[in-house]
Amino acid sequence: MSSKDRILGRIRRALDDAVPAAEIPRDYLPVHGARTPAERVDLLAAHLAEYRALVHRTQEEALPALLARLLEARGARSVLVPPGLPPHWLPAGGPTRVPDRAASTPYELDRVDSVVTGCALAVAETGTIVLDGGPGQGRRRITLIPDHHICVVRVPDQVVDSVPQVLPLLDPARPLTWISGPSATSDIELDRVEGVHGPRTLDVVLVGTQ
Amino acid sequence: MTGTYLGMPAFPAFPAAAREAVRDEALRANLRHATHTIRDKRARAVAELADWDRLRAAGKAVKDHTLRHLDRYLLQLEAAVTAAGGTVHWAADADEANRIVTELVRATGEREVVKVKSMATQEIGLNEALEAAGIAAYETDLAELIVQLGHDRPSHILVPAIHRNRAEIRDIFRAEMAGWGRPAPEPLGDDPRELAEAARLHLREKFLRAKVAVSGANFMVAETGTMVVLESEGNGRMCLTLPETLISVVGIEKVVPTFRDLEIFLQTLPRSSTAERMNPYTTMWTGLGPSRGADGDGPTAFHLVLLDNGRTDTLADETGRQALRCIRCSACLNVCPVYERAGGHAYGSVYPGPIGAILSPQLRGTGSAIDASLPYASTLCGACYEVCPVAIDIPEVLVHLRERIAQGGPVTRAGVRVTLRPADGHTAERAAMRAARLLLDHPGALRAGERLLARARRLAPRRLPGAGRAWTDSRELPTVAAQSFRDWWARERSDPR
């Protein structure tokens with residue numbers, strides 16, 4: 001008998017006296033509180049900042065200048081750029097642009113200073129940005145290996161209130177990365193330290209439209 | 001059939017191990033600081049959600065429903081993972097799981113693997129099995145690294161090195177890092193920031209060159225075949241993204257029916273474990289993804305090893321099966337007065353604390369001294385039940401297991417229904433109970449006994465001899481009354497005879 005059959009057989013024998021399972025109550029809240037779009041964005045910003053992401057707010061026209069400033073502040077000489085990133089976001093004559101390519105080795109990515117991406121969605125109640133590899137986001141590893149990640153979120157369009165609201169909008173077949181603040185550890189005496197293996201600095205840029 | 005291996009060598013029973021641990025003042029101070037810090041933070045994080053009780057009830061119901069139809073959901077999961085380009089393996093016990101993983105690593109031709117913290121692989125002793133096959137397994141979670149470098153054992157579900165303070169960690173890094181790869185920077189202080197940086201440098205070498213990774217998973221979605229890992233440091237993302245081959249070893253109880261069900265656990269797990277609204281990183285992947293791994297985004301081979309190792313035996317126990325609802329948040333450890341003083345090692349398993357006290361004896365059976373003692377490693381205060389985000393009634397299971405151990409009865413071991421004999425250690429207790437029943441059934445004998453006891457009351461010892469000694473180690477023996485209640489009642493309320 002295969003182990004699969006053995007395990008399934010054990011499960012069925014274990015359950016032959018089991019009572020039918022009760023209905024799953026779904027009376028928990030789909031969202032915690034009523035907010036205007038502006039309040040939703042404010043909450044996202046507050047929660048991101050609480051977990052030590054650096055939050056910036058700007059308008060579309062001012063985005064290139066802001067990104068230039070953030071890259072310069074870090075002394076970035078090279079920046080990873082996913083293929084679908086709107087070209088006008090990045091300033092002309094800034095750091096060397098490194099395209100996201102399947103052939104790049106982890107060692108090559110480790111030599112890049114910063115990465116700029118968009119995102120799929122953001123969740124205000126938890127302070128989370130979600131990447132799904134869509135346009136402007138690139139492969140999972142490019143937001144992992146460089147020490148500095150700038151993530152651009154279009155507000156209020158890309159912001160939802162809650163976890164129950166965001167899941168139906170995501171495609172589970174795509175690789176999904178949920179990011180809530182930069183990499184952190186609390187393994188030493190429960191003191192929180194940012195930046196262990198993922199980027200130590202997460203700049204989140206909330207871009208509004210007028 | 002040998003006992004189910006839970007990643008620990010032979011251990012003394014809990015009381016002996018705990019007695020050692022409570023004498024260690026540094027350990028108690030480290031534990032007290034850590035558990036109280038996280039306990040208070042967790043209460044605040046939970047209070048933010050007005051519907052916490054409803055989320056808890058829903059989480060319980062989803063897990064119960066899944067367990068009730070576990071065969072169906074595992075088959076659905078297997079089909080979904082396979083359809084997305086993954087390969088599913090079934091492992092009935094630790095040996096089989098270790099064999100499967102070892103063969104998979106061998107087939108890649110690699111001699112080392114990186115690991116993201118996985119309790120299932122600790123449970124089966126995978127690192128030791130790989131080492132025996134000449135394959136080095138590197139733990140990459142900071143706390144796991146501290147445990148591995150320190151030739152130590154984990155003592156907490158979420159913070160496995162909770163028993164170590166910063167000075168001890170610095171000493172371990174200085175002494176051991178060079179033997180495993182990049183040495184610790186010199187000089188190295190004991191600031192957590194400096195220590196985390198040392199770990200970053202040490203492990204980055206391994207991440208960048210790793211070709212094979214081994215992981216666990218917090219959840220597996222039957223409907224879509226999606227695997228979910230919650231973490232904080234990014235070592236999980238490194239292991240799940242960079243290597244060519246990814247092998248996930250996951251207990252069969254980790255399946256949930258639908259993608260939507262994650263909306264419950266993604267709200268309750270981070271708040272219950274690290275007391276955060278959300279953990280810094282969550283990775284979800286489904287097989288090899290739509291491109292089948294051809295676009296360089298993630299591994300090009302994915303293997304899922306579904307692990308039984310005592311879980312179906314636990315499922316066979318109607319009261320005990322609720323332990324399989326556990327989502328490994330560790331909230332029960334942080335509120336437990338026994339864990340806080342005895343520490344995680346005293347439980348002799350990778351699952352310490354209240355949940356370990358009910359999970360380990362069910363997964364492994366109660367054949368060893370440590371497993372037979374674990375259901376007694378509790379004051380039954382109920383704090384663990386109060387905080388559990390899936391409402392596992394741990395005290396109920398503890399009492400149920402105590403009864404099984406003391407009285408014997410039917411249990412399932414390796415899929416076979418057997419009858420457990422009453423445990424040896426409870427002979428005196430059973431003899432006392434039988435004597436009590438005899439006396440209570442014969443009022444004349446009881447009255448004679450009570451009068452004899454009352455007359456001899458000045459001779460009563462302060463401490464019990466023999467088997468009762470342990471009981472009076474920490475308690476005073478009650479004094480014997482000058483007359484029994486029955487005699488008093490007879491004199492006061494009845495006609496004199």
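Helix α2 (residues 37-50) of chain A has 14 residues and spans 20 Å from first C-alpha to last, close to the 20 Å expected at 1.5 Å a residue (the expected span is 1.5 Å times one less than the number of residues). Helices (H or I, at least four residues) and strands (E, at least two) are DSSP runs, numbered from the N terminus. This is a predicted model, in which local features need pLDDT of at least 70 and side-chain atom pairs count only at pLDDT 80 or more, while totals for chains, interfaces and linings use all residues. Residues are numbered from 1 along each chain as its sequence is written, chains are lettered from A in the order in which they are written, and side-chain values use heavy atoms, with hydrogens and water left out.

**Around helix α2(A)**
- A:R40, A:V41, A:L44, A:A45, A:H47 and A:L48 of α2(A) are buried (under 20% relative accessible area with a 1.4 Å probe, protein chains only; exposed is over 50%, partly exposed in between).
- The cover over these buried residues includes β1 (54-59), β7 and β12 of chain A.
- After α2(A) comes A:R52, with a positive phi near 70°.

**Strands of chain A**
- Strand β7 (residues 148-155) of chain A is largely enclosed by the rest of the structure, because seven of its eight residues are buried.
- On one side, β7(A) runs parallel to strand β4 (residues 114-117) of chain A, joined by four bridges (strands pair if DSSP finds at least two bridges between them).
- A:V115 has A:H149 in β7(A) as its bridge partner.
- β7(A) also pairs in the parallel sense with strand β12 (residues 201-208) of chain A, over eight bridges.
- There, A:V152 is bridged to A:V205 in β12(A).

**Nonpolar cores**
- The largest nonpolar core has 76 residues, and A:W178, B:F14, B:F219, B:L262, B:I355 and B:I358 touch the most other members (a core is a set of buried Ala, Val, Leu, Ile, Met, Phe, Trp, Tyr and Cys residues joined through side-chain atoms within 4.5 Å).
- A second, separate core of 69 residues includes A:L8, B:A161, B:I172 and B:M227.

**Interface between the chains**
- Chain B gives 97 residues to the contact and chain A gives 74 residues (contact means heavy atoms within 4.5 Å).
- About 7,600 Å² is buried between chain B and chain A, with 58% from carbon and sulfur atoms (buried area is the accessible area, 1.4 Å probe, that two parts lose on being put together, summed over both).
- B:R200, B:R237 and B:R277 lose the most area in chain B, together 10% of what that side buries.
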